[in-house]
Every structure is written in structure tokens, then in C-alpha cells.
Amino acid sequence: MVINFAAGPAKLPEEVLKEVQANLINCNGTGISVMEMSHRSANYAAIQEAALNDLRDILNLPANYKILFMQGGGTGQFAAVCFNLLGRTGVADYVVTGSWSAKAAKEAEQYGKVNLVIPKEKKFTTIPTEETWKLDPNASYLYYCDNETVDGVEFDFVPEIPNGVPVVCDMSSNFLSRPFDITKFGLIFAGAQKNIGPAGVTVVIVREDLIGHHTKETPSILNFAQMDKNASLLNTPPTFCIYVMGLVFKWIKRNGGVASMAKASAIKSRLIYDVIDKSNGFYSCPVEKRVRSRMNVPFRIGSSVGVDALEKDFLAQAESQGMLQLKGHRSVGGIRASLYNAITVVETEQLAKLMTEFALNNKI
Ligand code: PMP
């Protein structure tokens, strides 16, 4: 048995993979694979349309929010957001709470003025509460990352920004893991490769009135207006990825929707954090409890900075029991357990059990 705790690309529901396999060389009775189908064909159009409708349904999206399927990953959106939204005033608010929002802010500096809303930190372990934020009243938008995949820091609130400044949110690593009210956002985006599909497609949900404000240098491929006008078929889309993502949307619907994903996420993350908190410091997670991520649980073993031999031994034992890809991000080290939608409670219990046993066997 193998349990894949990867941070992304990450585990997909086995049911979905089996469905992909069964239809791989004969998709929906067409006699060909989805990979071999024209993106302009009626057969493919039905696949993309179903994915769009299912997502709209899952999130209960109002008609004035458009869904775009884009390429270039989350990193592409770091730039796309600037090209499309920064032109109005040339300045934007960035809430840097981890490595990914730091990268987004750095990208934005190439195109305009970036106002850092909270003080710059070397280590990311908390999210200062909103009343301490230093907003620029002139900002074109406020940007934040809902879940920092590397650092394990997740927002427990949606910012309420005065004067109608649109909120832009990177939900790459917690998209569809809990319900959210889209009307509080101007735009959200999510690369698929964590909770919703294979790498290669990025979902963008944008409020209609924010489309069409791009600068004239905006590359067509990053241009929301062009993408919207062409129903995400401006050029050849990542057809296979969109197909698989569509099957994941159906899997989420069959399994109780985002509310049920949220319930499971709470149970799974609590299992791991409980072992950490009850270990008398054998395990430690640097993140403030209020903003601990339900998706990515980073921890150290043996001390707050980690004991290399123990961490190596833990990873080896995990691997020998089939628990894969638990190594922390190369920039921070340690261990990271990613608990995306496709990871089950039973699988998480296996990890919690290993952690408990490992602590007992290695207590100094
Ligand atoms: N944002 C977040 C929160 C991420 O986790 C990642 C990738 N792990 C990115 C953005 C960048 O995405 P991509 O690699 O698809 O460009």
C-alpha cells in the first residue's frame, strides 16, 4: 500500500484515475483518447462545458463571475494579475505571509509599485490581524495567498478591504477544500495540481467588471478579456488536464461538495497537529495555532530546528511503510505532510500512528 503525501503535484482520487484509465484510449465512446481530440470538436466542447458547469455549481457562482481555464500555473497568474489589474493606479497592496505571496509581490515589482501591508519577515509563522495592516488607499487591488504551501500558513478569514478595493487571492493549495463566498473577492486563481487535477491548468474566477482593464502590452495568453471572449479557447488549452479536472469536480460533487471536503480537512489536520502538540516538543510546528494550515502540515523532529538523523530516519521509516513524499520543501527542510482532498482520514491515521510510534521509540 502506498500513501502519497506530496505537496503538489499531489494525490488524485483513485476513483478518478481508474475512470481516466478505463477511458484512456476510447473517450466517451468516440474511439479516440481525449488527448487526440480537436479542442474545437463537439466532443471536447462537451467536456470543457461540463467542467465549467460543475465548478460553477460546486461554488454556487453568481453570473457576474467568469471562470477561465488558463496556462502558466500560479506563477503565470502572478504576472497576469498585474497586467490585467495593476494599470488602474499602478500600485497594489500585497500581504506577504509566506514564500508564494513573496514571489507574487516580487513579480509585481516589475510592473508597478508594491505596498507591503505587513512587515517583512524572514520566517513565516503567523498572519497579523487585519487592524494592523497598512493599506494604500490608492491600491488597484489587495493580494494575498490563502494557503502558503511551503510554510503551512493558512488564512482563517477573508480580508474586508474598504473603498471597494478588489481582493485578489491565490488559492492554489486549498481550492475546493472549504466553502468560500466569492462575492468577497474580485479574483481568485488556483493551479490544479494540488486539490483538483494534474499540473497544466490554472483556474481563474474573476468578477466581470474587472475584465478589460489590461495594459496594452498584456500578452494575449495572459489577457483575461481575450480569454473570456474566446471561452478559454484562445489557443489550444491543456485538454487532458481539463478533462481530468472535470472528473475531479464530479468526484467532489458525488462526495458531498466543498462542505464535506472542509469537514474531512478539519479531521485530518487535527489528527496530525494533535500528535505534534502532545509530543512534549519531540515534534514541533512553528506556525501560530490560529493560522495553521489544514492542507500542509510542516514539522520538525527532535528540536525546533530539527535533528537531521531523526528526520532522515523518520522519512526512511515512512517510506518503508509506503508513505511517500513527506520531505519538507527544500527551502525550509524538515517534514511536510500534505493532506489534500484526495487523502483519506484512514490514510492520515496511518501517518499519525507512525508519528506516535516513532516518538515513543526515539524519546531521549
Ligand atoms: N501559489 C501557491 C500557493 C503554490 O503552492 C504554488 C506552487 N506550489 C504556486 C503558487 C506556483 O504555482 P506553479 O508552480 O503552478 O507556477
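Accessible areas come from the Shrake-Rupley method with a 1.4 Å probe. With that in hand, start with the surface. This is a predicted model. The protein exposes about 15800 Å². Carbon and sulfur atoms supply 54% of that area.

**Overall build**

The protein holds 9 helices and 14 strands. Its radius of gyration is 21 Å, close to the 21 Å that the globule rule gives for 364 residues, so the protein is as compact as a globular protein of that length. The C-alpha trace spans about 65 × 55 × 30 Å along its principal axes. Of the 364 residues, 55% count as buried. Residues 24 or more positions apart account for 69% of them.

**Around the ligand**

The shell around the ligand has 13 residues. Thr75, Thr149, Asp170, Gln193 and Lys194 come nearest. By class, the shell has 3 nonpolar, 8 polar and 2 charged residues. Helix α3, residues 73-85, gives the largest share of the shell, with 4 residues.

| Residue | Distance from a polar side-chain atom to a ligand oxygen |
|---|---|
| Thr149 | 2.5 Å |

How much of the ligand does the protein bury? Taken alone, the ligand exposes 390 Å², and the protein buries 84% of that area.

**Backbone details**

Most residues other than glycine have a negative phi, and most peptide bonds are trans.

The bond from Gly8 to Pro9 is cis, with omega near -10°. Pro9 sits in the loop between β1 (3-4) and α1 (14-22).

Another is Asn28. Its phi is near 50°, a positive value in a residue other than glycine. Asn28 lies in the loop between α1 and α2 (42-59). Is Asn28 buried or exposed? The cut-off for exposed is over 50% relative accessible area. Asn28 has 55%, so Asn28 is exposed.

Then comes Asn60. Its phi is near 55°, again a positive value in a residue other than glycine. Asn60 lies in the loop between α2 and β2 (65-70). Asn60 is exposed because its relative accessible area is 66%.

Technical notes. Residues numbered from 1 in each chain as written. Predicted model: local features only at pLDDT ≥ 70, side-chain atom pairs only at ≥ 80, totals over all residues. Heavy atoms only, no water. Near = heavy atom within 4 Å. Polar contact = N/O pair within 3.5 Å; in protein donor to acceptor, adjacent residues only side chain to side chain. Helix = DSSP H or I, 4+ residues; strand = E, 2+ residues; numbered from the N terminus. Nonpolar A, V, L, I, M, F, W, Y, C, P; charged D, E, K, R; others polar. Buried < 20%, exposed > 50% of the residue type's maximum accessible area, 1.4 Å probe, protein only. Rg over C-alpha atoms; globule rule 2.2 N^0.38 Å. Contact = heavy atoms within 4.5 Å.
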